[in-house]
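Take a moment to look over the sequence and the 3D view. Then follow the paragraphs below, one stop at a time.

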Amino acid sequence: MDGQVVILDGGLATELEAAGIKIQGDPLWSARLLHTNPQAIKDAHQRFLSSGADVLTTATYQASVDGFMKHLGMTSEEAIQLMMSGVQIARDAVQDFKTRTSDNKVPLVAGSVGPYGAFLYDGSEYTGTYEETMSGEEFKAWHRPQVQCLVSAGADLIAMETIPSLKEAEALVELLREFPNTKAWLSFSCKDQKCISTGRTFAEAIQVANRSKQLVAVGVNCCPPPLITPLLTSASQHKPPDVSWVVYPNSGEEWIQNIGWKTDKSKTTFADLSLEWKKQGAKWIGNNISVSFFPSENKV
């Protein structure tokens with residue numbers, strides 16, 4: 001995939017809901033299906049692959065060992081095994097895809113690590129307000145079991161995504177050093193054209209990539225598409241030259257607690273925006289939307 005745009009899969013939860021599966025209101029989000037309906041996750045993975053995705057992201061964004069123990073009544077060992085199963089389900093989907101197509105590409109499996117705010121299930125992954133109550137070491141201690149599970153299960157890389165806080169991002173990059181053979185991307189949630197969710201500038205936040213040789217990309221996800229170009233422009237002078245941009249916005253929705261996603265009716269063509277991001281140096285491009293967006297997306 002060197003030198004080419006890498007197409008990420010879409011929003012797994014969005015795709016599952018489009019298939020009629022209820023996820024809204026669940027503190028485990030789509031991660032509960034690892035326990036109750038793993039076939040639905042595999043089927044969604046396969047639809048993304050059939051639509052052209054080069055990367056599958058595991059159903060572990062809102063998963064954690066503590067969360068599984070709390071909400072599913074599992075032991076620590078059971079929770080660890082369930083966390084690891086997210087990688088195996090994606091790997092099985094890749095294997096099935098390879099056996100039924102003549103395509104020589106081998107899709108990657110990215111182990112999803114969401115922010116601490118996703119566990120809190122209060123919308124704070126879009127504000128980062130919890131950073132005031134957490135130290136860097138506490139962030140590392142929280143994320144360590146999840147990263148350990150995903151690495152041990154054989155994820156090709158780690159997707160540290162929707163991170164609203166620079167403090168949490170710094171802790172994740174430090175934690176990554178404990179797994180020296182593991183690559184990752186780091187993407188932030190952003191509130192406007194210049195700032196991540198906590199209000200720190202995106203230009204400042206992405207400089208954390210200078211501290212790691214393990215990051216393949218840094219960028220932004222789960223924000224309205226019109227924010228992407230100005231965000232990348234604002235930080236273009238600060239991104240390490242050997243690190244690519246990763247971008248995968250939503251379709252312009254706003255998250256409203258206890259209601260869900262509020263959709264912006266005015267949408268810009270995703271394919272046109274993708275070409276623009278590619279010109280800005282984005283190599284890893286996707287969306288947080290369902291598989292229905294893939295035909296136009298593949299024009300990149």
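**Confidence, a helix pair and a buried alanine**

The mean pLDDT of the protein chain is 91, and 89% of its residues reach 70 or more. Keep in mind that this is a predicted model. One stretch calls for care: over residues 295-299, pLDDT stays under 50. The model has twelve contacts for this stretch beyond four places in sequence. Where pLDDT is low, the predicted coordinates should not be read in detail.

Now turn to a pair of helices. Two packed helices are described by the angle between their axes and the distance between the axes. Find helix 5, residues 76-100, and helix 7, residues 136-152. They pack at an angle of about 50°, and their axes are 8 Å apart. That angle makes helix 5 oblique to helix 7. The crossing of helix 5 past helix 7 is right-handed.

Which residues meet between these two helices? From helix 5 come I80, M83, M84 and V87. From helix 7 come Q146, C149, L150 and S152. By class, the contact of helix 5 with helix 7 has six nonpolar residues, two polar ones and no charged ones.

The last stop is A205. It sits in helix 9, residues 202-205. Is A205 buried or exposed? Its relative accessible area is 0%, so A205 is buried; the cut-off for that is under 20%. Leaving out residues up to four places away in sequence, A205 touches L166, F188 and I196. Look also at V218. A205 and V218 lie 13 residues apart in sequence. In space, they are 9.6 Å apart, C-alpha to C-alpha.

Key: Residues numbered from 1 in each chain as written. Predicted model: local features only at pLDDT ≥ 70, side-chain atom pairs only at ≥ 80, totals over all residues. Heavy atoms only, no water. Axes fitted to C-alpha atoms, helices over the stretch in contact; angles between N-to-C directions. Helix = DSSP H or I, 4+ residues; strand = E, 2+ residues; numbered from the N terminus. Parallel < 35°, antiparallel > 145°, perpendicular 65-115°, else oblique. Left-handed = near helix turned anticlockwise from the far one by under 90°. Contact = heavy atoms within 4.5 Å. Nonpolar A, V, L, I, M, F, W, Y, C, P; charged D, E, K, R; others polar. pLDDT = per-residue confidence, 0-100. Buried < 20%, exposed > 50% of the residue type's maximum accessible area, 1.4 Å probe, protein only.
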